[in-house]
Amino acid sequence: MNAEEIAAYIAPLRPEYAEARSLILPALKFAQTEKGHLTSEDIAAVGEATGFSAAYVESVATFYDRLYLKPVGKRVVSVCITLSCMLRGSDELLEHMCHREGLPHDGGTTEDGEITIQEVQCLGYCDRAPCVQVDAEETQGPVSLEDADRLLDDLRVTPRPERLWR
Amino acid sequence: MPQLNVIYRQREAAGPLTDLSDYRRAGGYDALRKALTEMDRDEVVYACVRSGLRGRGGAGFPMGRKASVIPKDSALPAYVVCNADESEPGTFKDRELMELNPFQLLEGITIAGYAIGAVRGYIYIRGEYEHQARVLDSAIAQARAAGYLGTAVDGSGFAFDITLYRGAGAYICGEETALLESLEGKRGQPRLKPPFPAVAGLYASPTLINNVETLSALPPILDRGPDWYAEMGTEKSTGTKVFSISGHVMKPGNYEIVMHDTTLRELVYDIAGGFRPGRDFAAAWVGGSSVNVLGPEALDTPLDYEALAAAGSSLGSAGCIVMDDSGSIVRATLRLAHFYRHESCGKCSPCREGTLWLERILQRIVDGEGRMEDLELIESLAGRIGGRVLCALADTGILPIVSAVRRFRDDFVRAIEQGGEPRPEPMMEVPAVG
Amino acid sequence: MADYAPVDLTAEGQVEFELNGRRVTAPAGTMLVDAAFAHGVEVPIFCYEPRLGAPIGACRMCLVEVEGMRGLQTACSTPVQPDMVVRTNSEVAKDGQDGVLEFLLENHPLDCPVCDKGGECPLQDRTFRFGPGTTRFVETKRHFPKPLDLSSLITLDRERCIHCYRCVRFSQDVAEDGDLVMENRGAGQEIGTNTGDQYEGRFTGNIIDLCPVGALTSIPYRFVARPWDITNTPSVCGHDATGTNVELTGREGRIGRVTSRPEPNYDVEEGWLSDLSRFAHTGNDGPGRLRQAVIRDAGRARDVSLEEAVDAAALVLRHGGRTGILLGPTATVEEGFLAQELAATALPGAIVARLGIPGDGLEALRSLPTADLSAIDGADLVVIVGGDPPNQQPIVELRVRKARRNGARIVTLGARPHALEPLGTATRALPGELAGALRGLDLAGAERAVVLWDEADLAAEPDAAAALAEGIAALGARQIELGADVNGAGLRALGIPATGLLEAAHGGGLDVLVTIKADPLAAPGASDWSWALGRLPARIAIESHATALTDSATVALPAATHYETEGVYVAMNGRAQRLRPGAPPPEGAAPGWEILVALLHRLGAPPAERTAAAVFARAAGSRPALAGLDYDAIGVLGAHIGAPAPVWPNGHNGPRAAAGAGLPLVTTTRIFGNADAHRAEGLAGVRTGADLTLNPEEAARIGLSDGGRARVRSPHGETDLPVRVDAAHPAGAAYVATGVPGAGVERLLPADRGPVRVEIGLA
C-alpha cells in the first residue's frame, strides 16, 4: 500500500491523539488489509505517512501477533489452544485441521497459499471452546471436527474480502 | 447465590442494548445526567470511593482511590483509558458486555471523564475483538449523534469524546503501562512505576485506567447510590461481579453474582451445571490463569476478594477455569507456562528468560525427560522471578505453575517416574451456551 | 565506569540513609546505584546508563533490598530517601543478583575465549564477581546464525545479546536516528534495523562501547587484540575542533582502537564519539604513512636517518635565506611555540603562520563569555549561526538534540541544509545575507541562551559577526565557536596569525618554507599556494603522511601523529586538553616537537626544555592567553585558557565582496569526506566523495542533471565535479563538498576561505 493511501486513512484520526506516533498501529493494521501481510514497502509507507523511521515502524509491527511480516494465506485461521480450549479438545481440533490441509501439526500455510492455520493464545471465547477465528471475523465455537471441515471448505469457496482485517 | 444483572443490563432487558434508544428505555444515561446536573466532580469521585468498587481487571485496586489521586493542577489534559484488552485466559466477561451493552460502558467512561476532568476517553480493545469493536464504533457514533459525546455532553458545559483504539495481538497490552505504550504507538512493553499513570500516564498526562466492567459499574452506582452498591457483598468486596466460567463444566458462560453470596461450589455445580456424569471436580483457576490453582478443598470458599485470598488464591479477573478429574494438571500447567512464555514482552530478564526456562522444564516432564530435581528447580526459578520483575505478567504468571507443583506434586512425580504425561481425552461434548 | 552517573557528595540538599549498615549521604533524587557507587559499593548493572535518559529497569541486575518494600528493588530506578535502609549484599539481594545472572546466562553462549569482548566484558566480570558458579539450564540455548554485520563497522552476534536495550536507546533517544531497534517479542527479541538496511550514521560506533557483552563489536578491531596485551591511554581526538576526549588502545606499537574513556568528560563529549573520531585511526598506519626521512638534492632523493635529515634541515635553514614556518591545524601548542622560538632565536625575521582562517572581525565574538559543550544541554534557546555542526563538529549535534529533548528552542540560520535544522525553526541565508537574517530573528524570552557560530561563515561576513556579537551581548547569552581547525584556537592563543606567509611567498620575500603537519596544496587556496611554492628554492616538511609537498621537499622529516605525541590542543571553545601518546611513532619518525627541539639545537639556540611539559610550561609563561596553565593544571579533563579582553564590534558595514562571477559558492563538509576519512581503511564503506550540489532550478538553468559532471571555475582555479541535484538546497548558490583528497575543490577557494563566486558549465 502506498503512503498516500495510508496518510488519507489516518488523517481524520489525527486530531484524536496528542501525538502522531499513536497512528502507527492503526496505519499498520490498515496497510495490512491490502495483501494480508506487511511487506517492507508497506512498512516504509507507514513510516512515511506517520513520520517515523521504517526501522521504528518495523520494531512496533514485530511486537504484535496479528501483524504479519511474512506472507500468510489468503485466509488465516486461528485456533485457540489455551487452557479452557485445550480441556475442550483444541489440540485435537488443531491437529485435525492441519492434517486435513497437509500441514505440520502446529500449523502453517497450505501449498496453494489459500489458508494459514495457526495456534493462538486465549481468544476470549472460552465459553464456546474450542473456538476458532478466521482473520479478525467474529470468533466461532464450539467447533467440532465436522464444523472445522465445513469451515475450511467454505473458506476455499468464499471470495476473499476486499480488505483483510486481521 | 442469586444472580443480579447490574452490569449485564442487557440480560435484564432480555435483549441486546446496541441501539441507543433501547439503552435509554432501559434507564441508560440517567446516571450521566444526574452527574452532570446534580453533582460536581468531587461528588462523583466520592461516590466511587463510597461504593467500594474495586478494579475488575485483576488487580482489584479501589477505583475511587485511583480517581481521587488524579492531580487537578496538571498543565496537561487528563484522560480516561478503558482497558478492554481482555486477554486473561478464561476471561470473557468484557466481551459480552461490549457486544450487548456497549452504551453502559460509554456512559461509565463519560462519568469517569467528568469526575476527573478529562478531555477524552480511550477504549483500548484487543485486536481479536474486531466484532465487538464494530459494535462499539456504532455505539460511539450513536452517542455522538445524540449529544452524549462531543463539545457539550448532554447539553452541559462538559466536553468529552471517546476514541476506540484497536490492539494487534499482545496479552501484555492488558498491563496498564504496556497498554499506554501501545496506545502511544510503541511496542507494548511495561513502564517502570512510579510514576503511576494517575500522575503521568498517556502522553505523560494524568490518566485514569480502568477495566470495562469497572467503568460499566459507574452508571448503576450513580443511579441507585453508592450505598446501595456498597451494601452488597462484604466491606472489602462490594457490589456484583461477573464470573466467566469455562473448562469442563456443562454450562460455561458469564454469570453476574453478588460478591460473597456464592461459593465456588455453587458457581461450579449449581450455576455452571457441574460436570459430565461420572466426573468430579479436580482443580480450578478461579481468577483467570494468573493465580494459584485450587483443589477440591477450596470448593466452599465464598467468591470475594478476601475469601479467595484466604484460600490461597485470588479473585483476579474472575475468569474461572475448571478442570474435572479427566484432565491432566501437568499438561494444564505446561499449557499455561507456554502461554506466559509466548506473551512475555521480553523487556525484563527474569520474565523473558524465566518463562522460557519454565516452559522447557515442564515440556521435558511431559515428554518423559523430567528429573526429580526439576520440581525444586521450578520452585527456585519461580522464586527468582516473583517480586523481581518489571510487571505483573511473570509475577503472577508463576503462580499457577508453582501452586500446581506444590498442590498436585504427586501428579508431577508420577509424570517424572512414569516417563511422561499422556494426553487425556478432552471433553468433546458440545456445551450448551450461556 | 561510565555506567554510573557522577554524584556530588558535597552538594546542598544531601539525604542521609543507611547503606549496608553505614550511614551515608547523597543528594536528593540520586538513584541508589549511583549513590552506592559514590560510596564505594558497586551494585552490578547492565541496562542502566544515565546518559541514555531515565532508567528503564529492564535487566533487573541491580536488585537490592530496601527495608519495608515488597520484593527486591532495582537500585537504578530507586531514588535515595531519607533514612531508607538499603542492603546491596544481603543474602536476599545477592540471590536477586545471582538469579538475574543465571537468567542472563541461560541463553548466552559463553564463548568468551573467542569473543572480542573477552577480558573486558561486564557480563563476564559480573558473573565472576556476583554470579552463580554453575548453570542449571540443561536445555539447548537460543540459536541464531552468526554473526550479522550491521554495517561495515559493526557486527552483531545475536546469541550473545542480553537485551539490555542500551544500543537501541542510543539510536532512538540520543542520536535520534531511529534506525536501530528491538524487534519481535519475548525470548525471540533481537536487535535489528529495517530489513535490508545497514546501521549507518555519524555516531554508530557508540553502541560498541555501550554494549555490556560481546554482542556488538567493532569490525576494524575484530581479532586485533586481547585485553591482556594492550595499553589504554586517555587522549584527545585530533579529527575535529571539539576536543572530544578519547581513549587510545595501543598494541604492539600501534593504535589498535579508539573508544570513549571509561570515565567520560561530561563537559565535552560526555562519552560519545563520532564515527570519524572512533575509526579514523585506521588510517594512522596506512600506506601513506611516512617512515623514512628523505633528502632531495638536485632532484635526487636519498633515504637518510632522521638525525641526518635534521642536520640537513638545519643546514638548509642556516644558509637558505628568508624563512617561513607554516603550521597545520593538527600542530600542537608545543609545536607552534617551538616554531615561534625558531623565529625568535635561530632564524630572526622568519615568518610563522598557521593554515587557517584569519578571523578579522571575529574578535568581538570571541571575547564574549564562552561555555563548555555541556552548557548546551541546559540552555532554553540554542541558536546555530552558519556551519554544519553534524558534519564538522559532530558531537555538538548530540548536545543540541539533548537540549531539544530538555525543552530548548532550537533556531538555526545559515546557507547549508543540515541535520539540526528540522529540530527547530530554520532560516536560510545565502552568502552575504547573514547579517540581515540575524536581525530578523526573534530570540526574546530566553534566559539561558547559547549561541553556536561558525568560524568560517562569520569570518566571511564580518558585518554579521558584529551584529551577532551585539545580539549575544544583548541576550546575555554565551557563545561557542564552531571552529574549523583542530587546534586553531591553540595556535591563535600563541599569537600565530593565519596571514603573512602566502603573501610573502607571492611577493618573492621567502626562500625556505618549513611546513609542520601542514599541507597547503590540499587546503583552501591550493592554487595560490601552488603558484607561490613553485618559486621557493627550498622546502622542509615535517609531516606524518605523504603529501604532494613531502614528495618533493628538500628535506622530509617523518613526524608522529596526534595519536603518538605529547602535546596540548585547545578546543574551539578554549578548552585546553592533553594529548598523550597511545603508541610510539613508527621507527624513523619522531614527535614534531622533538624534531623542532633538535633543530633549535643544531641551529645554535638550544632550548632548556627536554620534555613537552616543560615546553608547554614556558609557552604558558610567555603567552597571556595560556597564563596559569601547565600539564598538571590541565590534568585529565582539561582547563579553559584565558578569555580575550572584551572587544566591542567595530564598524563593518557590509559583507566582504565575493571575488569572481556566477553563483556564490557555499562550501560543505561531509563527516566522512576528508583526508582523514579517506585514509582510514575502516571507513572505506562509508566515506564520501566530492560533488557539486545544485537546486533543480539552477541545474536546469545550466543544463546539468543529477549524476552528470560540471566544470566549476573560480578566480582562483577550476575543477571538474560530479553533479548532485537536490531540492533541499536553495537556488542562488553552488554547494561544493570540500576536503576530499584529489577532488581539487580547494583550488577554487581563496586561502582565507573568504567569499567567492563560481561559474559552472558542462564538463
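This is a predicted model: local features need pLDDT of at least 70, side-chain atom pairs count only at pLDDT 80 or more; totals for chains, interfaces and linings use all residues.
## Chain A

Let's begin with chain A, which has 166 residues, of which 58% count as buried. Its secondary structure comes to seven helices and four strands. Read from the N terminus, the elements follow the order α-α-α-α-β-α-α-β-β-β-α.

Along the principal axes, the C-alpha atoms of chain A fill a box of roughly 45 × 30 × 25 Å. If you take the contacts between residues at least 6 apart in sequence, 58% of those in chain A join residues at least 24 apart.

## Chain B

Chain B carries 20 helices and eight strands. Its radius of gyration is 22 Å, close to the 22 Å that the globule rule gives for 434 residues, so chain B is as compact as a globular protein of that length. The C-alpha trace of chain B spans about 70 × 45 × 35 Å along its principal axes.

Of the 434 residues in chain B, 63% are buried. Contacts between residues at least 6 apart in sequence join residues at least 24 apart in 73% of cases in chain B.

## Chain C

In chain C you will find 23 helices and 34 strands. A compact globule with 763 residues would have a radius of gyration near 27 Å, and the 27 Å of chain C agrees with that.

Buried residues account for 59% of the 763 residues in chain C. Among its contacts between residues at least 6 apart in sequence, 73% link residues at least 24 apart.

## Helix α2 of chain C and its two neighbours

Have a look at helix α2 (residues 91–106) of chain C, which packs with helix α16 (residues 349–367) of chain B at an angle of about 60°, their axes 9 Å apart. The two helices are therefore oblique to each other, and α16(B) passes α2(C) in a left-handed crossing. From α16(B), the residues B:Ser349, B:Pro350, B:Glu353, B:Gly354 and B:Trp357 meet C:Gly99, C:Val100, C:Phe103, C:Leu104 and C:Glu106 in α2(C). This contact is made up of five nonpolar, three polar and two charged residues. An α-helix has 3.6 residues a turn, so residues three or four places apart point the same way.

Within chain C, α2(C) also packs with helix α3 (residues 122–130) at an angle of about 135°, with the axes 10 Å apart. That angle makes α2(C) oblique to α3(C), and their crossing is left-handed. Here α2(C) contributes C:Gln97, C:Asp98, C:Leu101, C:Leu104 and C:Leu105, while α3(C) contributes C:Leu123, C:Arg126, C:Thr127 and C:Phe130. By class, the contact holds five nonpolar, two polar and two charged residues. C:Leu104 takes part in the contact with α16(B) and also in the contact with α3(C).

## A mostly covered helix in chain C

Is helix α19 of chain C mostly covered or mostly open? Helix α19 (residues 592–602) is mostly covered, with nine of its 11 residues buried. The buried residues are C:Gly592, C:Trp593, C:Glu594, C:Ile595, C:Leu596, C:Val597, C:Ala598, C:Leu599 and C:Leu600. Just after α19(C), C:Gly604 takes a positive phi of about 80°.

How values were computed:
Residues are numbered from 1 along each chain as its sequence is written. Chains are lettered from A and ligands numbered from 1 in the order in which they are written. The radius of gyration is taken over C-alpha atoms; the globule rule is 2.2 Å times the number of residues to the power 0.38. A residue is buried if 20 or more other C-beta atoms lie within 10 Å of its own, exposed if 12 or fewer, and partly exposed in between; C-beta atoms are placed from the backbone. Two residues are in contact if their C-beta atoms, placed from the backbone, lie within 7 Å. Axes are lines fitted to C-alpha atoms, for helices over the stretch in contact, and angles run from 0 to 180 degrees between N-to-C directions. Angles under 35 degrees count as roughly parallel, over 145 as roughly antiparallel, 65 to 115 as roughly perpendicular and the rest as oblique. A crossing is left-handed if the near helix is turned anticlockwise from the far one by less than a right angle, and right-handed if clockwise. Ala, Val, Leu, Ile, Met, Phe, Trp, Tyr, Cys and Pro count as nonpolar, Asp, Glu, Lys and Arg as charged, and the others, Gly among them, as polar.
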